[in-house]
Amino acid sequence: MISIFDYGGGNLRSVQNTLAEIGAEFELVRDAAGLERATKIILPGVGHFGQMMRAFDAMGVREALVDRIRAGVPFLGICLGLQALFQSSEEAPEERGLGMFEGVIHRFPANARVPHMGWNQISSRPGSKLVGDNNPYLYFAHSYYAPLHDATAATCNYGLDYTAVLESGNIFGVQFHPEKSGPMGLGIVRNFIEL
């Protein structure tokens, strides 16, 4: 069962519509028991890093989520869901991220127009499981970015290069919104579902 984790924010409806369009069965989950049932987990993210982390702690799911990811359950973080995988964010320095990857999420430089919103092209590294060898235009909406990392599978440039796709074992993350990125976005979600 594909579980979409609902922490009280996030772009749930469009993610649900995307999964329905590609014929994937899913459920919304809001607790540790729901995460325990999951064969794949999707964490949509729209909003504030601190709000998301505080919601995880208030719901008592942080440990369960980390345990499931470490147990090898395929995980896809979308936008803020990707950023949550790191240790912390400049958006809420006082809050701990999930800590699956070392590093800090940064705000775009002062000379960049934020949020970075609209279509932008990504550059994939060979062998990406989500995007293959494609370099598509995808839809972005964010003011903070993940730095380049050993697990970076595709980059995007918005004044600087940053991680657009993250892939490491069973852990996947995309900074763009596949659910708003047309047929290519659908294909990326399908690639995750079919892993």
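**Sheet, spaces and aromatic pairs**

Me: In which sense do strand S6 and S9 pair?
Reply: This is a predicted model, and in it three strands form an open sheet of mixed pairing, in the order S5-S6-S9. The edge strands, each pairing on one side only, are S5 (86–89) and S9 (144–145). Between S6 (residues 101–107) and S9 there are two bridges, and the sense of this pairing is antiparallel.

Me: Which residue in S9 is the bridge partner of Arg107?
Reply: S9 covers residues 144–145 and is an edge strand of the sheet. The partner of Arg107 across the bridge is Tyr144.

Me: Which residues are the closest to the centre of the largest pocket?
Reply: The largest pocket holds about 220 Å³ of space. Its lining divides into seven nonpolar, six polar and one charged residue, with helix H5 (80–83) and strand S8 (137–142) each supplying at least two residues. Of the 14 lining residues, the closest to the centre are Gly47, Cys79, Ala141, His142 and Ser143.

Me: Which element gives the most to the lining of the largest cavity?
Reply: The largest cavity, with a volume of about 40 Å³, has a lining that includes Val15, Thr18, Leu19, Ile78 and Glu179. Two elements give two or more residues to this lining, namely helix H1 (12–21) and strand S4 (75–78). The one that gives the most, with three residues, is H1.

Me: Why is the pair of Tyr145 and Tyr162 classed as it is?
Reply: A search of the whole structure finds eleven aromatic pairs. In the pair of Tyr145 and Tyr162 the ring centres are 6.0 Å apart and the planes stand at 50°. Planes under 30 degrees apart would count as stacked and those over 60 as edge-to-face, so the pair of Tyr145 and Tyr162 is tilted.

Me: How many residues apart in sequence are the parts that Tyr145 and Tyr162 tie together?
Reply: Tyr145 counts as buried at 10% relative accessibility, and Tyr162 counts as buried at 0%. Because Tyr145 lies in strand S9 and Tyr162 in strand S11 (residues 161–168), the pair ties together parts whose separation in sequence is 17 residues.

Me: What class does the pair of Phe172 and Phe192 fall into?
Reply: Phe172 in strand S12 (residues 171–174) and Phe192 in helix H6 (residues 182–193) are 20 residues apart, and their pair links distant parts of the chain. Their ring centres lie 6.0 Å apart with planes at 70°, so the pair is edge-to-face.

Notes: Residues numbered from 1 in each chain as written. Predicted model: local features only at pLDDT ≥ 70, side-chain atom pairs only at ≥ 80, totals over all residues. Heavy atoms only, no water. Pairing = 2+ DSSP bridges. Helix = DSSP H or I, 4+ residues; strand = E, 2+ residues; numbered from the N terminus. 1 Å grid on protein atoms, 1.4 Å probe; cavity = no way out; pocket = protein on both sides within 12 Å on 5 of 7 lines; lining within 4 Å. Points joined across faces, edges and corners; volume = space filled by probe spheres on them. Nonpolar A, V, L, I, M, F, W, Y, C, P; charged D, E, K, R; others polar. Phe/Tyr/Trp six-rings, centres within 6.5 Å; stacked < 30°, edge-to-face > 60°. Buried < 20%, exposed > 50% of the residue type's maximum accessible area, 1.4 Å probe, protein only.
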